[in-house]
Structure formats: C-alpha cells, structure tokens
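Here is a brief report on one chain. Read it with the sequence and the 3D view side by side.

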Amino acid sequence: MSRRCEICDKGVISGRQFSHSHRHSNRTWAPNVQKVKAIVNGTPKTISVCTRCLRSGKVQRAL
C-alpha cells in the first residue's frame, strides 16, 4: 500500500525517538493513508488518500 497521499502529497517523515533516559533511536511517522474509490476526472478510480483529505471533503467518493 502506498504511504503517500495522492491529493496533498503527505508522506512519511523521519526523526529521532527519545526515551526517558534520553537514549535515542531513529524512527518514522507514517500518515494514515487509505485506499479509496474516488471520482477522478469523471471516472471512478482507486487512489491512496490520507484521512485528513477524506474528512475535509477534498475527495468525492464513488458509490
């Protein structure tokens, strides 16, 4: 499954995770991306969309 939103181009970011004792390790944060059947240029198509774009109404879902 794609880890990038096709609408807003939100993707994985990386950084460092710090414990209470301040030991650190590398980690990644992935967006909540769903495969959705949506209307694209008048035809239904399956695309990967983050939940924020779904919630805000940037994507019209196909029935």
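D9 sits in the segment before β1 (13-18). Strands here are DSSP runs of E with at least two residues, helices are runs of H or I with at least four residues, and both are numbered from the N terminus. This is a predicted model, where local features need pLDDT of at least 70, side-chain atom pairs count only at pLDDT 80 or more, and totals for chains, interfaces and linings use all residues. Residues are numbered from 1 along each chain as its sequence is written, and side-chain values use heavy atoms, with hydrogens and water left out.

**D9 and its partner**

D9 has a phi near 65°, a positive value in a residue other than glycine. Most residues other than glycine have a negative phi. The side chain of D9 meets that of R4 in a salt bridge, at 3.6 Å from N to O. The rule asks for a side-chain nitrogen of Lys or Arg within 4 Å of a carboxyl oxygen of Asp or Glu. By that rule the count is 1 salt bridge. Side chains of opposite charge can pair when their charged atoms come close.

H22 also has a positive phi, near 70°. H22 lies in the loop between β1 and β2 (24-29).

Buried means under 20%, exposed over 50%, and partly exposed in between, with a 1.4 Å probe and protein chains only.

| Residue | Relative accessible area | Class |
|---|---|---|
| R4 | 38% | partly exposed |
| D9 | 52% | exposed |
| H22 | 56% | exposed |
| S48 | 2% | buried |

**The chain as a whole**

The chain has 1 helix and 4 strands. Their order from the N terminus is β-β-β-β-α. The radius of gyration is 16 Å, whereas a compact globule of 63 residues would have one near 11 Å. That radius is taken over C-alpha atoms, and the globule rule is 2.2 Å times the number of residues to the power 0.38. Along the principal axes, the C-alpha atoms fill a box of roughly 55 × 20 × 15 Å.

Of the 63 residues, 21% count as buried. The accessible surface is about 5,100 Å², and 46% of this belongs to carbon and sulfur atoms. These areas come from the Shrake-Rupley method with a 1.4 Å probe; for residues, only the protein chains shown count as cover.

Strands β3 (residues 33-40) and β4 pair in the antiparallel sense over 8 bridges. Pairing requires at least two DSSP bridges between the strands. V40 has T43 of β4 as its bridge partner. The hairpin has 2 residues between its strands, and N41 takes a positive phi near 55°.

**Core and contacts**

Which residues make up the largest nonpolar core? C5, A38, I47, V49, C50, C53 and V59 do, 7 residues in all. Strand β4 (residues 43-50) gives the most to this core, with 3 residues. A nonpolar core is a set of buried Ala, Val, Leu, Ile, Met, Phe, Trp, Tyr and Cys residues joined through side-chain atoms within 4.5 Å.

Contact means heavy atoms within 4.5 Å. Not counting residues up to four places away in sequence, I47 touches E6, I7, Q34, K35, V36, A38 and V40. S48 is also placed in β4. Leaving aside neighbours within four places in sequence, S48 contacts S2, R4, C5, E6, V33, Q34 and K35. Among chain contacts between residues at least 6 apart in sequence, 32% join residues at least 24 apart.
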